[in-house]
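This report covers nonpolar packing, strand pairing and charged pairs in one protein model. The sequence and structure come first.

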Amino acid sequence: MADRKLILRPGVDSQKSQLLAEGTWWASQLIRFKDGLPQKIGGWQQLCATPFTGTCTGLKAWADLMGNPYLAGGTEQRLEVFEQGVLYDITPLRKTSNFSPSFSTTISQPTVTITDTANGAAVGDWVNIIVPVSVGGLILLGFYHVINVVDANDYQITAASNATATVSNGGAVPSFNTSGSGVSIATVTLNNHGLVSGGLFNVQVATTVGGLVIGIGTYVVGTPVTTNTFTIAPGGTSSSGATVSENGGDAQIQYLIPTGFASATALTGYGIGVYGSGPYGIGSGG
């Protein structure tokens with residue numbers, strides 16, 4: 001039998017059966033078509049070790065006027081942007097609340113109850129504790145899921161470890177102390193901070209203590225280090241001895257806009273609703 005030239009059309013047609021897809025490709029894996037011919041994918045590398053929070057359903061890449069690249073990813077829970085090897089959360093905020101620390105813990109349990117009047121939180125929402133709070137042997141800092149809403153003023157989150165003490169409506173933010181005038185060192189008090197010499201401590205709210213300005217930024221933990229205290233060198237010198245708490249002693253919590261799966265009302269909440277649904281050009285309250 002004479003040889004026949006086999007010509008396959010580019011592209012993969014998986015909508016038809018193998019018989020009906022005669023003369024084309026029916027199944028493939030890790031290939032692309034270039035100039036009508038199949039090529040294997042040339043490989044890829046991981047950009048960031050930190051995963052997105054939730055399931056990413058959309059990516060947007062761009063560069064600023066200096067040519068710096070950015071990659072934003074949206075999930076049903078959060079909006080994050082990748083920049084220079086780091087993943088940053090840029091989810092819009094519903095509100096920021098500053099209030100006297102009122103956190104409750106139960107010994108040997110990770111559940112923490114937060115009392116913040118008329119907070120508006122719902123189960124599944126995200127909150128971001130900006131200024132670290134020490135309570136019941138725990139340090140609360142960063143993002144937490146709301147796991148239960150007790151009432152209009154109280155909701156619960158899960159800490160990374162179990163509390164070592166039972167506390168009712170307590171907690172404290174970091175406080176800074178200068179021992180006198182002309183010193184460049186500030187002593188930080190934050191019970192059970194868990195930091196070691198050479199570690200890093202972030203100040204989220206600029207604080208002036210004894211004339212020494214402790215700006216927003218990251219500071220190296222200095223000696224001596226005890227269970228509840230350590231030192232930092234913010235630069236400059238003090239004019240007097242004083243003790244001042246960060247954020248005026250208040251806790252600071254950011255409430256992210258409700259996530260899609262957490263919203264109890266149809267077509268409200270970030271990431272909810274069917275893409276492209278509804279009449280074209282008509283706005284909605286979603």
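The model is predicted, so local features need pLDDT of at least 70 and side-chain atom pairs count only at pLDDT 80 or more, while totals for chains, interfaces and linings use all residues. Residues are numbered from 1 along each chain as its sequence is written, and side-chain values use heavy atoms, with hydrogens and water left out.

**Nonpolar cores**

A nonpolar core is a set of buried Ala, Val, Leu, Ile, Met, Phe, Trp, Tyr and Cys residues joined through side-chain atoms within 4.5 Å. Buried means under 20% relative accessible area, exposed over 50%, and partly exposed in between (1.4 Å probe, protein chains only). The largest nonpolar core has 24 residues, and Phe103, Leu140, Tyr155 and Ile253 have the most contacts inside it. Two or more residues of this core come from each of β11 (111-115), β12 (126-135), β13 (138-145), β15 (154-158) and β25 (251-256). The largest contribution, 6 residues, is that of β12. Strands are DSSP runs (E, at least two residues), numbered from the N terminus.

Leu140 touches Phe103, Val112, Ile129, Val131, Pro132, Val133, Val135 and Ala159, when residues up to four places away in sequence are not counted; contact means heavy atoms within 4.5 Å. Another core, of 13 residues, lies apart from the largest one and includes Phe176, Ala186, Val209 and Leu212.

Asn128 is found in strand β12 and counts as buried at 9% relative accessibility. Beyond its neighbours within four places in sequence, Asn128 is in contact with Gly142, Phe143, Gln252, Ile253, Gln254 and Leu256.

Thr208 is found in strand β20 (residues 207-209) and is partly exposed, with a relative accessible area of 47%. With neighbours within four places left aside, Thr208 is in contact with Val213 and Val244. The C-alpha atoms of Thr208 and Ser238 are separated by 9.4 Å, the two residues being 30 residues apart along the chain.

**Strand β15**

Because 4 of the 5 residues of β15 are buried, this strand is largely enclosed by the rest of the structure. Two strands pair if DSSP finds at least two bridges between them. β11 and β15 run antiparallel and are joined by 5 bridges; Thr113 has Gln156 of β15 as its bridge partner. β14 (residues 148-149) is also antiparallel to β15, with 2 bridges, and Gln156 in β15 is the bridge partner of Asn148. β14 and β15 form a hairpin with 4 residues between them.

**Surface patch**

Leu30, Ile41 and Trp44 form a nonpolar surface patch with about 370 Å² of accessible area together. Patches are made of residues with over 30% relative accessible area and no salt bridge; like charges are joined within 9 Å and nonpolar side chains (Val, Leu, Ile, Met, Phe, Trp, Tyr) within 5 Å. Areas come from the Shrake-Rupley method with a 1.4 Å probe, and for residues only the protein chains shown count as cover. Ile41 lies in the loop between β4 (37-40) and β5 (56-63).

**Salt bridges**

A salt bridge is a side-chain nitrogen of Lys or Arg within 4 Å of a carboxyl oxygen of Asp or Glu. By this rule the count is 3.

| Pair | Closest N and O atoms |
|---|---|
| Asp13 and Lys16 | 3.7 Å apart |
| Lys34 and Asp35 | 3.5 Å apart |
| Arg78 and Asp89 | 2.5 Å apart |

Arg78 is buried at 5% relative accessibility, whereas Asp89 is partly exposed at 25%.
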